[in-house]
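Let's take a walk through a protein model together.

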Amino acid sequence: MVERSGRNNRERRSVAPCMSTGAWILVAAVVLALAVGLWRAATDGRFRGTHRVRAGEAAGSGAVPADREAEAVETPPGAVLVAEVGETLGERATLLQFSSAFCAPCRATRRVLADVAGVVPGVAHVEVDAEHHLEAVRRLGVLRTPTTIVLAADGTEVTRAAGAPRKEQVLAALATVE
Amino acid sequence: MSTIHERATGAATPTDTPAGIDPRGPQLTAALTAVVLAAVLLLAPHPAGVALLAVQAVFFAIGAVAGVQRTPHAWLFRTVVRPRLAPPAELEDPAPPRFAQGVGLAFALVGLVALLAGATVVGQVAVGLALVAALLNALFAFCLGCELYLVGARLRAAG
């Protein structure tokens, strides 16, 4: 009897304070998931900017001091990668897609990009496994799969999108290539 | 839309991964997982919470080892939920959610060991992180565990 009431007291004490640590962590997890999810829903598949500046810095910093000239002569990393996988750049533009083994939206992205490449003349779709081209992944600053990089005719990066883009988004991004 | 469905459910095309799964299956699994993990957080230091986490770890292990189509959640989806839904717009590769179940298992095991060792807060944080991933999957069909794969590959190559 005495023992049981003692245990009950102890339990009551640990549950009693208005909110337990577990409940706080639960609330924090829900808030974090909603924030990340909404942010992702808003930005996924949107083409914006390039990592050209960062890629240029990374290439120039460790190497030759006359990096300006070297950069002008150097083949863009996207073009190098496309050649590496035995594909050729599109006459007008190339949709370079990075995929990985465990990536659900990569499949949908592949279908959208292949569809666009089939419809728009001069546009090629090249899909590479990010895991097998980690050097290029690092040079191009790819953090997620799928990432779609739009390359101009000469292989320089025009814009990129992380996450599965919709067809209209890809077409709009291609319209900026000229 | 219907042509995609027919192609996916009919004889598997040679280029596509055979036997895709309905993407809403893993989403239901994630929703049920989120409910269990939330209950664990509310009960945690109590043995009932620890036991519940152990059960969830077993579910994760089944999903990771036998495949996401073999969990009790998948059975529930097939028998109760899917008959009430319209056919899916497209089928999905089961490999990504299966990998994510493995990531979930890792977090559940860390949580379990920590709770059993008396490091309650460490255990609760591990369960909380697994809950974030489960909620993202259930609400946004976004696979956090899958995204960690490339990050992991990059880190492994760098180190």
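This is a predicted model: local features need pLDDT of at least 70, side-chain atom pairs count only at pLDDT 80 or more; totals for chains, interfaces and linings use all residues.

Residues are numbered from 1 along each chain as its sequence is written, chains are lettered from A and ligands numbered from 1 in the order in which they are written, and side-chain values use heavy atoms, leaving out hydrogens and water.

Start where the chains meet: 33 residues of chain B are in contact with 34 residues of chain A (contact means heavy atoms within 4.5 Å). Between chain B and chain A, about 2,900 Å² is buried, and carbon and sulfur atoms give 67% of that. Buried area is the accessible area (1.4 Å probe) that two parts lose on being put together, summed over both. Of the area that chain B buries against chain A, B:Y149, B:L150 and B:R154 supply 23%, more than any other three residues.

Charges meet here too, with two salt bridges between chain B and chain A (a side-chain nitrogen of Lys or Arg within 4 Å of a carboxyl oxygen of Asp or Glu). A:R144 forms a salt bridge with B:E147, and their closest N and O atoms are 3.0 Å apart.

Now turn to chain A. Is A:V31 buried or exposed? A:V31 is exposed, because its relative accessible area is 52% (buried means under 20%, exposed over 50%, partly exposed in between, with a 1.4 Å probe and protein chains only).
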